[in-house]
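Hi there,

Here is the model I promised to pass on to you. Have a look around it first, and then read my notes below.

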Amino acid sequence: MSASQEGDIRVGRIASAIRVVPDFPKPGIMFQDITTLLLDHKAFKDTIDIFVERYKDKNITVVAGVEARGFIFGPPIALAIGAKFVPMRKPNKLPGEVISEQYSLEYGTDCIEMHVGAVVPDDRVLVVDDLIATGGTLSAAINLLERVGADVIECACVIEIPELKGRGRLSGKPLYIVVEARSCFPKIVGDACFESLPKAEHEGS
């Protein structure tokens, strides 16, 4: 499901505020840059409002933000719907006791962590990131949350790159997006989300 499928007129402004940077960080990559969205306060507010309107009545108790851009969109959503915000971080970023989930990359592995006790059994969780590409990080986040007994209600991203079929790795969990990446480009790889792409940087979802 996406906001554009629902006919939301705010989607056009949001889409136009996202800059596409060719050949960054490597030749052939079309980088989906959300920093320009953040510069447009109306488009940024529209983005948060769309998510809040969707989740305000779903009894979400936790918004889990995936490092790093999930930390931008997750907290305002959590505040607006009355949920706690839980950061899901790369290794060795969180002090204290953590629980970890390892996941596979094209050329190795990576790991995502959260604090022990931050999420408890029967918490109703929304997982938030800026973009879904191949879905590896979001899949790991779902697995980690379910290991502690949480109920992952949905994943929410601003942008989806549908050609990379990331939603197919989400263990059947619903995915809600605001916009699709601009598919007119031959190769689209989003905001540092390259974990299953040959000869690319390994970070993100």
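**What I found**

Phenylalanine 44 is partly exposed, at a relative accessible area of 22%. (Buried means under 20% relative accessible area, exposed over 50% and partly exposed in between, using a 1.4 Å probe and protein chains only.) Phenylalanine 73, by contrast, is buried at 0%.

Please keep in mind that this is a predicted model, where local features need pLDDT of at least 70, side-chain atom pairs count only at pLDDT 80 or more, and totals for chains, interfaces and linings use all residues. Residues are numbered from 1 along each chain as its sequence is written, and side-chain values use heavy atoms, leaving out hydrogens and water.

Now the overall layout. The chain has 5 helices and 9 strands, which are DSSP runs numbered from the N terminus (helices are H or I with at least four residues, strands are E with at least two). Starting at the N terminus, the order of elements is α-β-β-α-α-β-α-β-β-β-β-α-β-β. Of the 205 residues, 52% count as buried.

Next, the aromatic rings. How many aromatic pairs does a search of the whole structure find? There are 5 aromatic pairs. (Rings of Phe, Tyr and Trp, with its six-membered ring, pair if their centres lie within 6.5 Å; planes under 30 degrees apart are stacked, over 60 edge-to-face and the rest tilted.) One of them joins phenylalanine 44 and phenylalanine 73: the ring centres are 5.9 Å apart and the planes stand at 90 degrees, so this pair is edge-to-face. Phenylalanine 44 sits in helix α3 (residues 41-55) and phenylalanine 73 in helix α4 (residues 70-81), so the pair ties together parts 29 residues apart in sequence. Tyrosine 55 and tyrosine 176 have ring centres 6.5 Å apart and planes at 85 degrees, so they are edge-to-face too. Because tyrosine 55 lies in α3 and tyrosine 176 in strand β9 (residues 175-180), that pair ties together parts 121 residues apart in sequence. Both tyrosines are buried, and ring pairs link Phe51, Tyr55 and Tyr176 into a cluster.

The helices α3 and α4 also pack together, at an angle of about 50 degrees and with their axes 9 Å apart. (Axes are lines fitted to C-alpha atoms, for helices over the stretch in contact, and angles run from 0 to 180 degrees between N-to-C directions.) The two helices are therefore oblique to each other; under 35 degrees counts as roughly parallel, over 145 as roughly antiparallel, 65 to 115 as roughly perpendicular and the rest as oblique. Their contact (heavy atoms within 4.5 Å) includes Phe44, Phe51 and Tyr55 of α3 and Phe73 of α4.

Finally, some backbone details to look up. Most residues other than glycine have a negative phi, and most peptide bonds are trans. The bond from phenylalanine 24 to proline 25 is cis, with omega near 0 degrees, and proline 25 is in the loop between β1 (19-22) and β2 (30-33). Another cis bond joins glutamate 67 and alanine 68; alanine 68 lies in the loop between β3 (62-66) and α4. Lysine 165 is not a glycine, yet its phi is positive, at about 55 degrees. Lysine 165 is in the loop between β8 (151-160) and β9 and is exposed, at 62%.

Happy exploring!
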